[in-house]
Amino acid sequence: MGIKLLIHNDKVPGIETLAVYRQMGGYASVEKALKTMTPNDVVEEVKKSGLRGRGGAGFPTGMKWSFLFKPEGVERYLVCNADESEPGTFKDRYLMEKIPHALIEGMITSSYALGAKTSYIYIRGEYFYVARILEKAIEEAYAAGWLGKNILGTDFSHDCFVQVGGGAYICGEETALLESLEGKRGNPRIKPPFPAIAGLYGCPTVVNNVETIATVCPIINMGGEEYAKIGIGKSTGTKLISASGHINKPGVYEIELGLPVEEFIYSDEYCGGIINGRKMKAVVAGGSSVPILPTELILKTAKGEPRLMSYESLSDGGFLTGSMLGSGGFIVYDETTSIVKNLYTFARFYHHESCGQCSPCREGTGWMEKILHRIVEGHGKPSDIDLLWDIQRKIEGNTICPLGDAAAWPVASAIRHFRAEFEEYVNHPERIKDVKHYYSVQQVSEAQL
Amino acid sequence: MAKVTIDGHSIEVPDGTTILQAARMIVDANNYEGANIAPPTMCYYSKLKTSGGYCRTCIVKVTKGSEKDPRPMPKPVASCRTTVMDGMEVVNITSPEVLESRKAVVEFLLINHPLDCPICDQAGECHLQDLGYEHGLAKTRYDFERRTFEKIDIGPYVKLHMTRCIMCFRCIKVADQITDNRFQGMLFRGDASEISTYIEKAIDNDFSGNVIDVCPVGALTDKTFRFKSRVWFAKPMDAHRYCKKCSGKVAIWLKADEVLRVTSRKDKWGEAEEWICNECRFEKKKTSDWIIEGPRHIDRHSVISANHYENLTKLKLDIGKQQKQLADKK
């Protein structure tokens with residue numbers, strides 16, 4: 001069994017209540033931080049731990065915290081990004097649903113480090129039942145004196161609120177999240193200024209992912225240096241991975257970063273191999289927006305080294321032969337999957353979720369979806385593949401927020417690694433009619449040959 | 001003060017200036033000599049706060065961040081919203097990469113634009129038309145149905161034709177910033193988003209007509225002028241009247257002695273010099289309402305100037321001279 005720091009207690013009955021959570025050693029980090037450490041000590045510990053943002057970009061959390069602008073007499077805010085909407089990612093929901101106090105504890109400790117008197121948990125609209133769980137947990141924490149005025153008799157006071165969003169993917173982008181939290185339309189802001197300078201209500205703000213904030217507790221408990229020993233290289237600690245797709249055991253797993261991908265997929269402790277004994281075709285390693293990789297590239301890097309579950313190893317080879325750890329939405333596809341149909345689903349999602357502010361994303365995502373729809377329906381033209389490639393290239397990097405990139409990367413990687421399949425769809429539309437899976441398409445084509 | 005170099009032209013500008021403003025300053029300083037290095041804009045409007053950043057036509061590449069931090073910026077940036085740093089080096093028209101990205105943006109802007117210029121009132125003074133001529137493709141690669149909307153009347157004087165809209169947000173900023181209360185906003189999202197008033201509420205505001213002037217395309221048009229004339233057949237004149245609400249300095253567009261329409265005076269970047277009120281714009285349609293100052297200067301590249309001879313007196317003299325010479329020869 002690997003090391004577990006976040007969800008080791010998830011099977012304990014009643015862990016969602018404060019009493020049981022406290023019994024299992026909960027809120028120790030708040031006690032330790034408030035009684036024995038200064039806010040700067042906490043930030044230093046997080047810096048030492050090498051913790052990187054778990055929301056997708058992997059930016060060092062300690063660095064992000066130290067960038068926070070701290071003028072006198074201006075409120076500072078901590079905002080927790082629980083708008084987990086990336087297709088394939090459901091790790092934060094699991095954590096909040098099972099152990100809500102882990103997040104609340106992290107919120108208090110992190111707010112103490114940042115000097116934030118108020119913090120918000122912005123949760124996506126579809127997680128309304130999780131929001132109820134969190135609200136209940138916050139109520140319990142207030143009653144027990146973990147939240148409110150003068151926590152543990154110190155002069156640190158803190159209030160935490162849950163805000164339910166309307167269910168837009170774009171509100172997971174930190175500036176759009178802040179706009180939405182302020183009660184406006186959730187459109188990303190143009191940076192600079194960054195939230196660390198002018199965020200929520202124009203005040204300095206730190207926006208962190210649920211898992212990042214929850215990880216602060218074990219870091220404070222065990223010390224930053226001790227935490228940094230877990231993991232590999234610059235990818236320290238453990239990570240929640242939400243595994244889905246054609247595997248025997250889909251679910252949320254906590255892994256130590258540096259675990260080989262092959263072990264993660266085939267070991268019985270984790271995914272337990274491909275369903276029905278089929279062969280693996282491709283993997284999306286970090287949520288729908290990261291590049292898809294075929295079997296030979298996900299198990300081994302282009303250099304022939306085994307690929308590991310870490311920020312560096314997964315992005316080894318850039319976007320040509322690599323991918324990203326992203327938010328940890330690990331989707332496995334077996335040989336029956338049609339990559340083209342899968343891509344169409346993704347493209348439809350990004351088209352639907354584009355906010356409409358800047359032109360490349362607003363117009364480009366819709367255009368890509370229409371072309372892919374045509375290809376999937378068997379009306380594609382041979383020139384469509386190059387046109388798709390050209391459109392994604394022109395969206396990427398030209399937009400305000402990363403949604404444009406997120407829409408472009410899956411298209412780019414699918415065409416890069418599975419071009420033959422697109423050509424099959426375009427050149428032999430008769431073979432894809434009335435066929436549910438690509439697997440059968442292959443059989444049909446083999447029979448015809 | 002910060003020194004910034006754009007396409008090899010250097011200029012000292014105050015801190016907080018954007019790259020776009022610096023580029024315009026360079027063009028101003030050189031008095032149109034040489035190439036026009038000012039990036040085109042569709043959504044930025046210098047007189048509206050927080051405008052810009054949406055259309056992405058003004059993107060440039062920063063090849064050197066600043067004197068202190070010389071790293072180049074990884075992505076192309078929107079020049080209208082990026083402030084200059086001391087020692088910054090920017091490439092605009094000298095970079096094929098930037099021009100290609102701009103071409104891509106123009107293509108994206110045009111895929112859902114109806115291209116109904118022959119029946120559009122904005123034709124001839126449309127920024128998207130200019131941009132399309134300069135950077136667009138001759139043929140579209142988009143072969144799907146374009147999105148369409150019903151035309152909406154917003155108030156008694158303004159028609160909103162969303163099909164032509166390119167989502168520049170300028171009219172929303174006007175509504176926010178120069179009128180008393182906000183009456184416009186964006187509904188829905190993605191490529192289904194549309195500009196709308198609060199449940200088609202009529203605009204009842206003295207300065208609401210300015211949304212027509214700021215609209216870079218023909219999405220917001222003047223109902224008192226719609227389909228009356230092509231703009232290049234009308235004669236633009238500077239005129240003023242004594243108005244209690246605004247400065248009264250306007251441009252009137254004449255056809256014979258009839259005032260076809262009244263607009264604000266636009267500077268060389270296509271921006272209104274001063275906002276004008278609805279009374280001047282929509283209700284004063286007689287020549288006797290106005291004190292005419294003289295013909296309005298129109299950029300010679302504009303299609304509107306095709307019928308106008310600026311140095312008419314000089315031309316007359318020249319013709320007179322030639323006729324005299326011819327007569328002398330005989």
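This is a predicted model: local features need pLDDT of at least 70, side-chain atom pairs count only at pLDDT 80 or more; totals for chains, interfaces and linings use all residues.
What span should the 15 residues of helix H6 of chain A cover, and how far apart are its end C-alpha atoms? At 1.5 Å a residue, helix H6(A), residues 100-114, should span 21 Å, and its end C-alpha atoms are 21 Å apart, which agrees. The helix is also mostly covered, with 15 of its 15 residues buried.

From here, let's turn to the nonpolar interior. In soluble globular proteins, nonpolar side chains tend to be buried together. The largest nonpolar core in this model holds 198 residues, and those touching the most other members are Val79(A), Cys80(A), Leu95(A), Leu103(A), Ala285(A) and Val332(A). Helix H18 of chain A, residues 403-427, gives this core its largest share, eleven residues. To see one of these spots in detail, look at Cys80(A): beyond its neighbours within four places in sequence, its contacts include Leu103(A), Met107(A), Tyr120(A), Asn208(A) and Ile213(A). A second, separate core has 16 residues, among them Val250(B), Ala251(B), Cys277(B) and Ile304(B).

That brings us to chain B, which is built with seven helices and 14 strands. Its radius of gyration is 22 Å, close to the 20 Å that the globule rule gives for 330 residues, so chain B is as compact as a globular protein of that length. Along the principal axes, the C-alpha atoms of chain B fill a box of roughly 70 × 65 × 45 Å. Of the 330 residues in chain B, 39% are buried. Among contacts in chain B with a separation of 6 or more, 62% join residues 24 or more positions apart.

Methods:
Residues are numbered from 1 along each chain as its sequence is written. Chains are lettered from A and ligands numbered from 1 in the order in which they are written. Helices (H or I, at least four residues) and strands (E, at least two) are DSSP runs, numbered from the N terminus. The radius of gyration is taken over C-alpha atoms; the globule rule is 2.2 Å times the number of residues to the power 0.38. A residue is buried if 20 or more other C-beta atoms lie within 10 Å of its own, exposed if 12 or fewer, and partly exposed in between; C-beta atoms are placed from the backbone. Two residues are in contact if their C-beta atoms, placed from the backbone, lie within 7 Å. The expected span of a helix is 1.5 Å times one less than its number of residues. A nonpolar core is a set of buried Ala, Val, Leu, Ile, Met, Phe, Trp, Tyr and Cys residues joined through C-beta atoms within 7 Å.
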